[in-house]
Amino acid sequence: RWLPALRRRCEIAGKRLSERGLAAEGRVLRAVLYVYHSRLLRHRPYLALQQVEQCLKRLWKMNLVGCIETLAGLIPKKNTPQAPAECSVPSQPMLETVALKVLGGCKLILRLLDCCCKAFLLSVQHLCSEEFILLNTVASGLLSRLWFVIQYRCVLQSLMSLYGVLSTSLHLVSETQQMPYIKGFTFPSDISNFLGVNISSEVKKQKAKMLTTKKPTGWLKKLFPTVPETVSEVGTKRNFATCTSAVKNCTIPCPADIGEPVL
């Protein structure tokens, strides 16, 4: 009964981790760090961006998506012919390996969210001081999008749900046949206690910090001053609207045979 639930959770977690938005933001972050490497080696927002990129790199190096997909491939489908009293299930070493990687992935994503929040606050702080305006503008937008992609697409929540089903599966399989693979480590039954923080309250706290920070609007007004519309501009807009309506209303005669050349 728990095999379909495990397969479904594996598919959801793998889909969330392999989102195009998460990979795209990681590529943009690497490109920004590459462009500004020789200029801002000791700039605080740049160093904070490096920590974010390091967390993303470790997350991809884990090959968590491939491990989850391998586990999903070992779960038999409903149309697989089997004996009435028999069922093929993943082995205990496989379940322990995936569960351990899921625990490490959750820790890394928590660290990634924290680094994104700190780097965003540093970028906005230096942006208010009118330092490296272009870099800090790009960095603040990139970090907010990365944080939003992870939170909105429920990447961490999907991994936590997957671990809940994995823990139940591991308990049932170990009762059937003892084949411990990872020794010296006790798998926690509740992943929230293992992570040590309340996920919802921590995310709300980070969101409040990012929303209540001081916004750099002074230098934006200097760079892009608001110019009122003059009489000539209004007249130009009216003439343009008149020309557009005239083009829409006019009909262009076309020949009956489309294949004939038009002189």
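1. Let's start with α3 and α5, which are roughly antiparallel to each other (angles over 145 degrees count as roughly antiparallel). The axes of α3 (residues 44-61) and α5 come within 9 Å and cross at roughly 160°. Axes here are lines fitted to C-alpha atoms, for helices over the stretch in contact, with angles from 0 to 180 degrees between N-to-C directions. Helices are DSSP runs (H or I, at least four residues), numbered from the N terminus.

2. A word on the model: it is predicted, so local features need pLDDT of at least 70 and side-chain atom pairs count only at pLDDT 80 or more, while totals for chains, interfaces and linings use all residues. Residues are numbered from 1 along each chain as its sequence is written, and side-chain values use heavy atoms, with hydrogens and water left out.

3. Back to that pair: α3 passes α5 in a left-handed crossing (the near helix is turned anticlockwise from the far one by less than a right angle). On the α3 side the contact (heavy atoms within 4.5 Å) includes Ala48, Val52, Cys55 and Leu59, and on the α5 side Leu108, Leu112, Cys115 and Ala119 are among the partners. By class, the contact residues are 14 nonpolar, 4 polar and 3 charged. Ala, Val, Leu, Ile, Met, Phe, Trp, Tyr, Cys and Pro count as nonpolar, Asp, Glu, Lys and Arg as charged, and the others, Gly among them, as polar.

4. α5 (residues 92-128) also meets α4 (residues 64-74): their axes come within 10 Å and cross at roughly 145°. This crossing of α4 and α5 is left-handed. Leu64, Ile68 and Leu71 are among the α4 residues involved, with Met94, Val98 and Lys101 among those of α5.

5. Next, α2 (residues 20-35) and α6 (residues 133-152), whose axes come within 10 Å and cross at roughly 155°. That crossing is left-handed. Residues including Leu22, Glu25 and Leu29 in α2 meet a set in α6 that includes Leu142, Arg145 and Val149.

6. Finally, the largest pocket has a volume of about 300 Å³. A pocket, on a 1 Å grid over the protein atoms alone, is an open set of points where a 1.4 Å probe fits, with protein on both sides within 12 Å along at least five of seven lines; lining residues have an atom within 4 Å of a point. The volume is the space filled by probe spheres set on the points, which are joined across faces, edges and corners. Of the 14 lining residues, Trp2, Cys87, Val89, Val173 and Thr176 are the closest to its centre. α1 (2-17) and α7 (155-176) each supply at least two lining residues.

Terms used
Angles under 35 degrees count as roughly parallel, over 145 as roughly antiparallel, 65 to 115 as roughly perpendicular and the rest as oblique.
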